Each structure stands twice: as C-alpha cells, then as structure tokens.
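Here's a quick walk through one protein model, from the overall layout down to single residues.

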Amino acid sequence: MTNYFKNRNLVIATMHQKEVVIKPLLEKELWVSCFVLKDFNTDIFGTFTREIKRTGDMLDAARLKINYAMDISWCDLGISSEWSFWSHYWLPLINSNFELTLIIDRKNNLEIIWHHLSPDTNVNGKYITSIEDVIKTSKDWGFPGHGIIVRLKENSRFFIDKDINNESELEKSVYKILSLPFIKKAYIETDMRANRNPTRMKNIELSVKDLLKNINLECPKCWTPWFTITDIEWWLACWLCLLPTSIPIYEIHTCSKCKFTQKVKIEKYGNYADPWECLHCNP
Ligand SMILES: [Zn+2]
Ligand SMILES: [Zn+2]
C-alpha cells in the first residue's frame, strides 16, 4: 500500500463498466476516490468492432482515452485499460488475453504502464452458414453469459449487431444476414467489451491486482512509487568452470519520475550459478 496518491480523485476512463472491478481495488490500496464519467464515449478513438480503427498502438490508445477523460473531468489522475489478443509464437493456436493498464498522474508527471497476459479467454470468430451452427458455436463460447457480435463479414462496417441478449435475438440477427440475396454466411465473434465478457473482466481485475502489488516499491531518491524493473543483467558465472550462464544477476530498477536507476542483486540465485544450469558443465 502506498499513500502517495492519498485523498485524491481518480477518473476511470471506461465505457464498459470496468469500474466494477477497478474502483474497489484502487480505493482500498491507493486511498483514492474513483469516479466514472456519465456518457463517456471513446469510440472516436477506435471501436472494438473495428468500424473505426484504433489510432496508433495500444499504449497510444490508452493515453488518448485517459487524457480525454482527465481533460473533460478536470481530474489530474486517471486509469484506463486496453485489450488485445496475443498468440504465443511457439503455440500459435493458443490465444491469450493481453491487458494493458495505464495510470497517469499529471500532478507528479508520472506514468505507470502494466502488462498482463492470461491464457484464460474465449476470444474467437468464425463464419457460420446455418442457425444450428450458430446455436452450437454460441454455447461453446459461453453465450449468453458472454456476448456475441454478428456481422455480415469479418471486417465489414455494415450490418454489425452488438446488442444481442438471448438466443432468439441471436437467431433473428443471423437469419437477417443469411436470408439476404447472394449471402450464404454470416460472421460471428466473441464480444470482448468488459461488460459483455466476464472472463475479460476477471483478467482486468487480475491485471490491476498485479499492478498494485508492484506499485509499492519507492524510488530511494525521490520517493515516487513504481520503482520498477526496466532491465535485467544476465550471465551469472558457474561456480565450477566460472563461465557465464543464462542466469540473471541483477534487476535494473528505474524511477519513472526522476529516472534514477539502481542495480538490485537477485538474491535467490546466490553469487554463482549451479553447474547444473551451465551449458559447459551440463551440455
Ligand atoms: Zn525518483
Ligand atoms: Zn560450468
């Protein structure tokens, strides 16, 4: 727990009820008072359903939203989060939920960026050609507990149905597309907006919890929190042959405010690496 932000207001830049999980966590751990903006709309910066392309990368998008929320609310502290899915390069069929959480503190000129990866996600999308197919697939994807979006084509800007609440509405929506002349298939995808996807909401909660676990370490020079790991120094020597191994020696911490850096010895590996870990002694 850090009292660096104590008694300040913090705006949660969200359109999709992320405050449900974010507000209680931040209020308890940072002693701030969180609020959301009524009718907050960030669709101009890009929508989930790709009618409007997201500007820049995830971090740019998070910054835009948070700054916009802070500007219109006259608040100098804010949080926002962005989602994307992540395919492991060695396991391309397993998708992960990649969550970026950003806190900006204008008063102290501080930016806290946190990444969280979770394999727990229902992210999916495919073309279907029959009502039976859509019923079966939607069950596999956790509908109606998790939302589903119906569209004419994967990247089509027309015929996007984002407000489907039950099976009969889903059938109707798909039927509308399948009964169009010359159209034999419809594209359905999981809705990843937090309020329509409890699995993603859980991932946002986990991400913020992790961020808060890491926020407490303070810079020894200016006492700003978030004295975070920015680099690792490798190649701890093997005690038998003294050749370098792939074990790390130091964590490099950098203050996001004053840029002071410090090498912190990773104690758990000791002063020398076990020959078992050495490519020379244990090829
Ligand atoms: Zn500092
Ligand atoms: Zn060795």
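What follows goes from the whole chain to its cores, and then to a few helices and strands.

This is a predicted model, in which local features need pLDDT of at least 70 and side-chain atom pairs count only at pLDDT 80 or more, while totals for chains, interfaces and linings use all residues. Residues are numbered from 1 along each chain as its sequence is written, and chains are lettered from A and ligands numbered from 1 in the order in which they are written.

**The big picture**

The protein has 5 helices and 12 strands, which are DSSP runs numbered from the N terminus (helices are H or I with at least four residues, strands are E with at least two). Its C-alpha trace spans about 75 × 55 × 30 Å along the principal axes. An automatic or database domain assignment sets the domain bounds, and the pieces are domain 1 (9-121 + 196-216), domain 2 (125-190) and domain 3 (228-277). The centres of domain 2 and domain 3, taken over C-alpha atoms, sit 51 Å apart.

Of the 283 residues, 27% count as buried. Buried here means 20 or more other C-beta atoms within 10 Å of the residue's own, exposed means 12 or fewer, and partly exposed is in between, with C-beta atoms placed from the backbone.

**Two cores**

A nonpolar core is a set of buried Ala, Val, Leu, Ile, Met, Phe, Trp, Tyr and Cys residues joined through C-beta atoms within 7 Å. The largest one has 28 residues, and Val11, Ala13, Ile66, Ala69, Ile79 and Leu102 have the most contacts inside it. Elements giving two or more residues to this core include strand E1 (9-12), helix H1 (19-30) and helix H2 (58-73). H2 gives the most, with 6 residues. A second, separate core of 14 residues includes Ile148, Val150, Ala186 and Ile188.

**Zooming in on Ala13**

Alanine 13 is in the loop between E1 and H1. It counts as buried because it has 25 C-beta neighbours inside 10 Å. Leaving out residues within four places in sequence, alanine 13 is in contact (C-beta atoms, placed from the backbone, within 7 Å) with Phe40, Lys65, Ile66, Ala69, Gly78, Ile79 and Ser80.

For both helices below, the arc is that of the directions from the helix axis to the C-beta atoms.

| H1 | Ile22, Leu26, Leu30 | 15° |

Just after H1, tryptophan 31 takes a positive phi of about 60°.

**Strand E7, covered on both faces**

Now look at E7 (residues 148-151): Ile148 and Val150 on one side and Ile149 and Arg151 on the other are all buried. Two strands pair if DSSP finds at least two bridges between them. E7 runs antiparallel to E9 (residues 186-190), joined by 4 bridges, and valine 150 stands opposite isoleucine 188 there. E7 also pairs with E8 (residues 160-161) in the antiparallel sense over 2 bridges, where aspartate 161 is the bridge partner of valine 150.

Key. Two residues are in contact if their C-beta atoms, placed from the backbone, lie within 7 Å.
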